[in-house]
Amino acid sequence: HTWKPVQADWRGIASVQSLQRFYEGKGWTAGPHLFICAGAPNPANDGIFQLTPLNLRGVHAGVCNSTTWGIEVVGDYDKMPWSDATQSLVTHAVRALFDWRELDTTQKSLKGHRDCNSPKTCPGTAINLDYVRRQVLALDDWGYRHAR
């Protein structure tokens with residue numbers, strides 16, 4: 001989770017550009033791959049936004065940078081769980097990425113920041129990652145991986 005900005009602060013592309021400047025100011029050559037928001041003040045700013053190309057290494061979770069995509073869910077999810085709309089965007093995005101790269105949904109392949117030797121709570125203490133994994137698995141109803 002972004003922790004800050006939260007949905008009330010989110011301005012879509014303008015927020016992504018601001019975050020890019022923030023990361024560049026830290027000397028980073030990249031940042032997280034995706035930012036996902038549902039519940040922005042302007043519904044036109046809801047959706048999935050890409051910062052770092054998915055085929056390039058992102059900077060987002062220390063030891064996991066070289067082996068994972070960084071997906072930032074806009075909001076502070078230590079205080080509340082994802083809305084249904086947020087959960088739908090996140091789980092469908094992860095399912096699409098996993099299908100694209102032919103990855104199975106496991107504890108090793110779907111991690112939170114907190115699983116990467118980080119003191120951060122991402123995706124937030126109100127988020128049950130095992131439940132998220134089950135939701136992503138449930139989206140495999142077309143059997144993408146099994147049809148290949």
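Predicted model: local features only at pLDDT ≥ 70, side-chain atom pairs only at ≥ 80, totals over all residues.
At 3% relative accessibility, Cys-64 counts as buried, where buried means under 20% relative accessible area, exposed over 50% and partly exposed in between, with a 1.4 Å probe and protein chains only. Residues are numbered from 1 along each chain as its sequence is written, and side-chain values use heavy atoms, leaving out hydrogens and water.

Cys-64 forms a disulfide with Cys-116, the two sulfur atoms being 2.1 Å apart; a disulfide is here a pair of cysteine sulfur atoms within 2.5 Å. Cys-64 sits in the loop between strand 2 and strand 3 and Cys-116 in the loop between helix 2 and helix 3, so the pair ties together parts that are 52 residues apart in sequence. The torsion about the S-S bond is about -100 degrees, so this disulfide is left-handed. Cys-116 is buried too, at 5% relative accessibility. One disulfide is found in a search of the whole structure. For Cys-37, the closest cysteine sulfur is that of Cys-122, 15 Å away and too far for a bond; Cys-37 is buried, at 0% relative accessibility. Cys-122 is likewise in no disulfide, and its nearest cysteine sulfur, in Cys-116, is 9.7 Å away. With a relative accessible area of 9%, Cys-122 is buried.

Turning to the overall fold, the protein has four helices and three strands, and from the N terminus on its elements run α-β-β-β-α-α-α. Helices (H or I, at least four residues) and strands (E, at least two) are DSSP runs, numbered from the N terminus. The radius of gyration, taken over C-alpha atoms, is 15 Å, close to the 15 Å that the globule rule (2.2 Å times the number of residues to the power 0.38) gives for 148 residues, so the protein is as compact as a globular protein of that length. Of these 148 residues, 46% count as buried.

The strands form an open sheet of three, in the order 2-1-3 and with mixed pairing; two strands pair if DSSP finds at least two bridges between them. Strand 2 (47-50) and strand 3 (71-73) are the edge strands, each pairing on one side only. Strand 1 and strand 3 pair in the parallel sense over three bridges, and Phe-35 has Glu-72 in strand 3 as its bridge partner. Helix 2 lies across strand 1, strand 2 and strand 3, and runs at about 150 degrees to strand 1. Such angles run from 0 to 180 degrees between N-to-C directions, with axes fitted to C-alpha atoms, for helices over the stretch in contact.

What lies inside? The largest nonpolar core has 14 residues, and those with the most contacts inside it are Trp-82, Val-90, Val-94, Leu-110 and Val-132. A nonpolar core is a set of buried Ala, Val, Leu, Ile, Met, Phe, Trp, Tyr and Cys residues joined through side-chain atoms within 4.5 Å. Strand 1 (34-37), helix 2 (84-100) and helix 3 (129-138) each give two or more residues to this core, and helix 2 provides its largest share, five residues. Neighbours within four places in sequence aside, Val-94 is in contact (heavy atoms within 4.5 Å) with Ile-71, Leu-110 and Val-136. A second, separate core of 10 residues includes Val-16, Tyr-23, Ala-40 and Leu-51.
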